[in-house]
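Please read them with the structure open beside you.

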Amino acid sequence: MLRTTCNKLPLTSLLLYRAQFSGADYEQYTHTAYELHRAEVAAILTAYREALVQLAAPCAAVKDYPPHVLSNLTYFHLQYEMEDTTDGFHFMCESCSQLQSLKITCFRPVGFLAAVGENPAALPRLPYLKTWTFEGLNTAQRDGLIIFVESKKRLRCFDYSDDCSSNAQTIVPLLSALRSLPTLRVMGIDVAIGNEGVFRTFIDHIPRHVTALRLSIEYRGGDAHQPDTLLSGLVSSSHL
C-alpha cells in the first residue's frame, strides 16, 4: 500500500520518524519496525531517486540508501535513539556532495564522528550543521569534529547540543575553530561552567562575527557573579 500510494505523488521530500513508544523493549521495537518496512522504504527511494532532495530517516538505515539518492540530497536528518555504531557514514560522506543541511540526532554519534574525522574534506558545500546528543564527546571524537568543522569555509550555521555535558575548557578549542569561519552567522552551544574565570574565557572565545547565538548554560560554580551578569558584554555588543 505504501509503495502504490507514493508512486502517484510528486515526491521531493521524505521524512520518516519512528512512532512514539514506551517500554523496556523500546530499542528492539524500533529496530523491528524499520525491518518490517525496509523493502518499502528502499522502493520509494529508488522510485524517486531523481526528485528526492530532502530526507529524514533512522541512522540505522543509512547504508541501505542507494548512492544515486544520496548524491541529490540537499537536506539530510539522521536520527538515532541509542548509540550510533553504523559504518554507513563513510558511505554518506562520499555520496552527499550537494548537501546543504545536515542534522544528526542520537545518544552518542560515534559512527558519524569517526567518519568525518577520517574524511574532514567531506561535504564541502555544507552551510548548515546541527548535532544533538545526550553525552559529551571524548577527546578523539571532539578532535574529529573540530577538524571537520574548521574545513567548512561555507558554514553559516553551526549548532552543537549535548545537554551541557561538556565543560568550557573542552568547548574552547571548538570555538577557536569556529572563529576561523568567515561566513558563520548563527551558532548554538551547550556548556557547563565551573567558575567565573572559566566562563570569562569561554565568552572571550565566542566568534564575534556571529549575529545570532544560542547558549544553553549549566552553571556549577558558587561565585557571586551569575552567567547573566557576565553575558552583559555580549548583549551590549549585539552578539546575543
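1. A word on terms before the details: a residue is called buried when its relative accessible area is under 20%, exposed when it is over 50%, and partly exposed in between, with a 1.4 Å probe and protein chains only. The model is a predicted one, in which local features need pLDDT of at least 70 and side-chain atom pairs count only at pLDDT 80 or more, while totals for chains, interfaces and linings use all residues. Residues are numbered from 1 along each chain as its sequence is written, and side-chain values use heavy atoms, with hydrogens and water left out.

2. I would begin with strand β5, residues 128-132, where helices (H or I, at least four residues) and strands (E, at least two) are DSSP runs numbered from the N terminus. In a regular strand the side chains alternate between the two faces of the sheet. In β5 the covered face carries L129 and T131, whereas Y128, K130 and W132 lie on the uncovered one.

3. A right-handed β-α-β unit is made by β4, helix α6 (residues 110-118) and β5, and another right-handed unit is made by β5, helix α7 (residues 139-150) and β6. The hand is assigned with the strands pointing away from the viewer: a crossover is right-handed if the path from the first strand over the helix to the second runs clockwise.

4. Which residue forms a salt bridge with D159? Taking a salt bridge as a side-chain nitrogen of Lys or Arg within 4 Å of a carboxyl oxygen of Asp or Glu, the count comes to two. In one of them R214 pairs with D159, the closest N and O atoms being 2.9 Å apart; R214 lies in strand β8 (residues 212-219) and D159 in β6, so this pair ties together parts that are 55 residues apart in sequence. D190 also forms a salt bridge with R214, at 2.8 Å between the closest N and O atoms; because D190 lies in strand β7 (residues 186-193) and R214 in β8, the parts tied together here are 24 residues apart in sequence. Through shared partners, D159, D190 and R214 are joined into one network. D190 is buried at 3% relative accessible area and D159 is buried at 11%, while R214 is partly exposed at 29%.

5. Most residues other than glycine have a negative phi. D163 is exposed, with a relative accessible area of 53%, but C164 counts as buried at 6%.

6. Finally, α8 and helix α9 (residues 196-204) pack at an angle of about 15°, with their axes 9 Å apart.

Note on methods. Axes fitted to C-alpha atoms, helices over the stretch in contact; angles between N-to-C directions.
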